[in-house]
Amino acid sequence: MKILHILEATQGGTRRHVLDLLPAFVRQGFACDLIYSPLRYPAFARDAVKLEKQGVRCRAIPMARGFGGAHDAQAFGALRAHLQANTYDVIHCHSTKAGFLGRLAAPWKTPVVYTPHCIAFDTSLPRLQRRAARLIEKLLAHRTAHFIAVARHEARVIRRVGLCSPQKLSVIYNGIDLEEFDKIQNSKFKIQNSRLTIGCFGRLTRQKNQAALLRALPAVRRAVPQAQLLLVGSGEDEANLRALAVHLNINQAVTFTGEIEEARPYYARCDIVAQPSRWEGCPYSILEAMAAKCPVVATSVGGVPEVLQAPGGVVYSAAGPETLAEPLIALAHDKTGRLRMGEAARARIESHFTAAQMVEQTMQVYDRL
């Protein structure tokens, strides 16, 4: 079977998803091609080289975020030309922009699988953007042979707006390649010191809402003076977040890693991982924290409550910084509880959220098509 994957969102969870999924398919005997955009994250070109060495044929076609304009017309033309010159059994589009262009360009007889990863109209984006995204999804639903939701929450949203019948929808959670993850973690020694480190992983954006964590940190430090914050990643909000840390007089307790290609070793530096996102699908940052035996405190959004269940973590209502500070302070004072929660989190990953499960269930979708 020959599969084409299309990806514009080459950072964060979608990047991790594709990097785990495609080599596994090749090992199972599938022929896999990947079309990716070099615009959002140029360093993905190095990922493409690694994928090529693992048997995945890769091609870069620029695709811009958002909708409309010359970029979309050019990307559509390049995709269409590629699909006229190459034949596939299945086309699999990942995230909103690739889902838009890929379904438009796909030949009518080729089944298209679409994984939104995070449904654009089920976010707190501006209302006009959400309406446009919903309209586009409705218009392109008939071009979708099968939807893959990364959480039951996403599946409910897809059903609620009538994008497809239940027979055309599967819930397949993201999964962790534990062997690779442990190899990376074991290559790094956990730093032992008297300071409690709270980590937050992901793009520095409005979605990930690191500002709430910065605003909660003064209250945490009043209760736990040695507490420090590690923000792993970069993004368009970095300058504002740095300025906020200075304004709150906590900049000496906050470390910004900046842009990095590999975030997974940083979990070994964390005593707690916090994820105050405004919206999510099935976030790899939480799955990876659980795999690293880190207790997690996260907002109750998207698929987070499905993934993060007691005793492996704490899900809270995003009412304000004080609601985030409370569980962080409680965990900071309870080392035994943190260890217990970390073990429970790891066990949950091992039983429910492995890459092998994700790969097998996705292969079953292809086989049915």
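Analyst: Lys 293 has 41% relative accessibility, so it counts as partly exposed. Buried means under 20% relative accessible area, exposed over 50%, and partly exposed lies in between (1.4 Å probe, protein chains only). Glu 343, at 45%, is partly exposed.

The model is predicted: local features need pLDDT of at least 70, side-chain atom pairs pLDDT 80 or more, while totals for chains, interfaces and linings use all residues. Numbering starts from 1 along each chain as its sequence is written, and side-chain values use heavy atoms, without hydrogens or water.

Lys 293 and Glu 343 form a salt bridge, with the closest N and O atoms 3.3 Å apart. Lys 293 sits in the loop between α10 and β12 (296–299), Glu 343 in helix α13 (residues 335–352), so the pair ties together parts 50 residues apart in sequence. A salt bridge here is a side-chain nitrogen of Lys or Arg within 4 Å of a carboxyl oxygen of Asp or Glu. Helices (H or I, at least four residues) and strands (E, at least two) are DSSP runs, numbered from the N terminus.

Helices α10 and α13 also pack. Their axes come within 7 Å and cross at roughly 115°. Axes are lines fitted to C-alpha atoms, for helices over the stretch in contact; angles run from 0 to 180 degrees between N-to-C directions. From α10, Leu 287, Met 290 and Ala 291 meet Gly 342, Ala 345, Arg 346, Arg 348 and Ile 349 of α13. That contact has 5 nonpolar, 1 polar and 2 charged residues. Contact means heavy atoms within 4.5 Å. Ala, Val, Leu, Ile, Met, Phe, Trp, Tyr, Cys and Pro count as nonpolar, Asp, Glu, Lys and Arg as charged, the others, Gly among them, as polar.

Now the other salt bridges. The whole structure holds 16 of them. Glu 280 pairs with Lys 208, the closest N and O atoms being 2.6 Å apart. This pair links distant parts of the chain, 72 residues apart: Glu 280 is in the loop between β11 (272–275) and α10 (284–291), Lys 208 in the loop between β8 (197–201) and α8. Both Glu 280 and Lys 208 are buried.

Asp 20 and Arg 16 give another salt bridge, at 3.3 Å, N to O. Both lie in helix α1 (residues 12–27), 4 residues apart, about one turn of the helix. Asp 20 and Arg 16 are both buried. Glu 180, Glu 262 and Arg 264 are joined in a network of salt bridges.

Helix α1 has a partner too. Its axis comes within 11 Å of that of helix α2 (residues 44–53), and the two cross at roughly 10°. Arg 15, Leu 19 and Pro 23 of α1 meet Phe 44, Asp 47 and Leu 51 of α2. This contact has 4 nonpolar, no polar and 2 charged residues.

Last, α9 (residues 238–247). Its buried residues are Glu 238, Leu 241, Leu 244 and Ala 245. Seen down the helix axis, they fall within an arc of 120°, so they line one face of α9. The arc uses directions from the helix axis to the C-beta atoms. The buried residues of α9 pack against α8 (210–223) and β10 (254–256). On the face of α9 turned away from its buried side are the exposed Ala 239, Asn 240, Val 246 and His 247. Asn 249 follows α9, with a positive phi near 60°.
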